[in-house]
Amino acid sequence: MKKVKVAAVIAEFNPLHDGHRFIIHQARVRSGASHVMIIQSGNLTQRAEPAIEEKHLRAEKAIKAGADAVVEIPVAYATGNAEVFAKAGVKIATSFAHVTHLVFGIESEDLSLLRLIAQTQVKRKADFEKYMTNHIKKGISFDKARCEVIKKLLPQISAELIDKSMNTPNNILALEYLKELVRLESKVKPIGVQRIPAINSSAIRRELEFEQSDMYRAFGSLVLYSAMSRMDEDTYNSNTELINLFKNKRPVSYDELKRETPTKRFSVSRIVRLALHSTLTITKKDVEFLYKHDWVPYTTLLAINMDAGDLFSAMCLNFKTPLLVRGNKVKPEKNAYYKALRKIDKRAELLYEAITGIRTNNRPSFVMREDQLKLEV
C-alpha cells in the first residue's frame, strides 16, 4: 500500500467551476500529496442560504474534478460566519493524521502578509480585542474596525496594502484558516492558490439561483416565519438589540428582511445567519463547544473516489473526529456536543427536503475521477 499523504481543501463548490478545478489540481501538484480531500458545507451554506445543488451531487462533481474524498462540516458551523466556518474546517482537517497541507484560494500568490496578520491577531490577542472594542464603540463596522486595528498593530505595513489584503471574501476566509492553524500550533502547512480573476462565481451563482427561484421563495418564507416567532436570547449571535430590531422592522418577506433590517452595526450577512440559526435552533452553547475544543465530534463522508481504498482505510482510523460512515469501527462519543450537532443536522435536512421536495440521500457516493476514466478508456 502506498503511503497516504493528504492535501485538504475547505470549500463549498456552490457551484463547482473551473476555478475550483484549478485549486484541486494545484492542491495535488504543490503539496505532492497522494490524495486530495475536500471539507465541504452541506445543503445549507456559509451564506446561510440553501445550496444550489444537493450536497452529494456537489461532492460527486468534486471527485470527478480530481478530488479523492469529500467530507461534510456539521451544519451549525457550515452556516456560521467566516471565523466559525474556518475553525470547524481546520479542526476537521488537522484531526486526520495524514493531512499534511491545507489549500485555499487567495487574491495573490504571496501568503506572507496574510500569515503575518494572522499571527498578529492570535499572538497579540489582548491588544487586538481591546482596540477592536474601542473602535466598535465609536460605531465603526466590524470589518473596518479590524483593518484599522491591524494597521495600528503593524505600522510597518502600508495602510493601503492592509486594506487590499483584508477586504476580499477569499482573503477573509484565508486569514481565518491561518489564524486557526496558529492557534492549534499545527504542523499542517498552508498553501495559497491565487484565484482565477476571469471567473465570476457570484454571477454563476445568481444565474442558477434565478432558475431555482421557487426554492428560494419557499426557503425565505419558512426562515422568516421561524425567525420572527422563535428568536430569543439563546439563539447564536443574537442579543436584545437584534431581537428588538427584528420586532420593530417586522419584515413581511425574506427580501425585505435582507433589504430593510441591516444597519451600520448589523450587516445583511449577520441578519440572514441569525434568521437561519433561529430556524434551526442553533444556540450560543452549540457554537461555544467549537471554541472550547480543538476537535469536532464527527464528520460525514459524502463521496469518495472508487480507487482510493487506502485513503478510506486511513480516514476510518480518525479517533479524534470519527468519520460517520457505515461499517466504520471507530465510533464518535455520543456526548452532549455530538447530540446537539446531530439534531441541528437533522433539522437542516428536513428544511432542505421541505423546500426542494427531494428526499436527502444519506449514503456516500462512490465515484471515479475523470482522469481515471480517461486512463481506463
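Select helix H6 (residues 125-137) together with helix H7 (residues 142-153), whose axes come within 9 Å and cross at roughly 130°; helices (H or I, at least four residues) and strands (E, at least two) are DSSP runs, numbered from the N terminus. The axes are lines fitted to C-alpha atoms, for helices over the stretch in contact, and the angles run from 0 to 180 degrees between N-to-C directions. H6 is therefore oblique to H7, since angles under 35 degrees count as roughly parallel, over 145 as roughly antiparallel, 65 to 115 as roughly perpendicular and the rest as oblique. Showing side chains, you will find that the contact (heavy atoms within 4.5 Å) involves, among others, Phe128, Tyr131 and Met132 of H6 and Ala145, Val149 and Leu153 of H7.

This is a predicted model, in which local features need pLDDT of at least 70 and side-chain atom pairs count only at pLDDT 80 or more, while totals for chains, interfaces and linings use all residues. Residues are numbered from 1 along each chain as its sequence is written, and side-chain values use heavy atoms, with hydrogens and water left out.

Next, select helix H12 (residues 240-249) and helix H14 (residues 268-280), whose axes come within 12 Å and cross at roughly 90°, which means that H12 is roughly perpendicular to H14. Leu242, Leu245 and Phe246 of H12 meet Arg270, Ile271, Leu274 and Ala275 of H14 in this contact.

Asparagine 237, in the loop between helix H11 (213-230) and H12, has a positive phi near 70°, and arginine 250, in the loop between H12 and helix H13 (254-260), has a positive phi near 45°. At 22% relative accessibility asparagine 237 counts as partly exposed, whereas arginine 250, at 63%, counts as exposed; buried means under 20% relative accessible area, exposed over 50% and partly exposed in between (1.4 Å probe, protein chains only).
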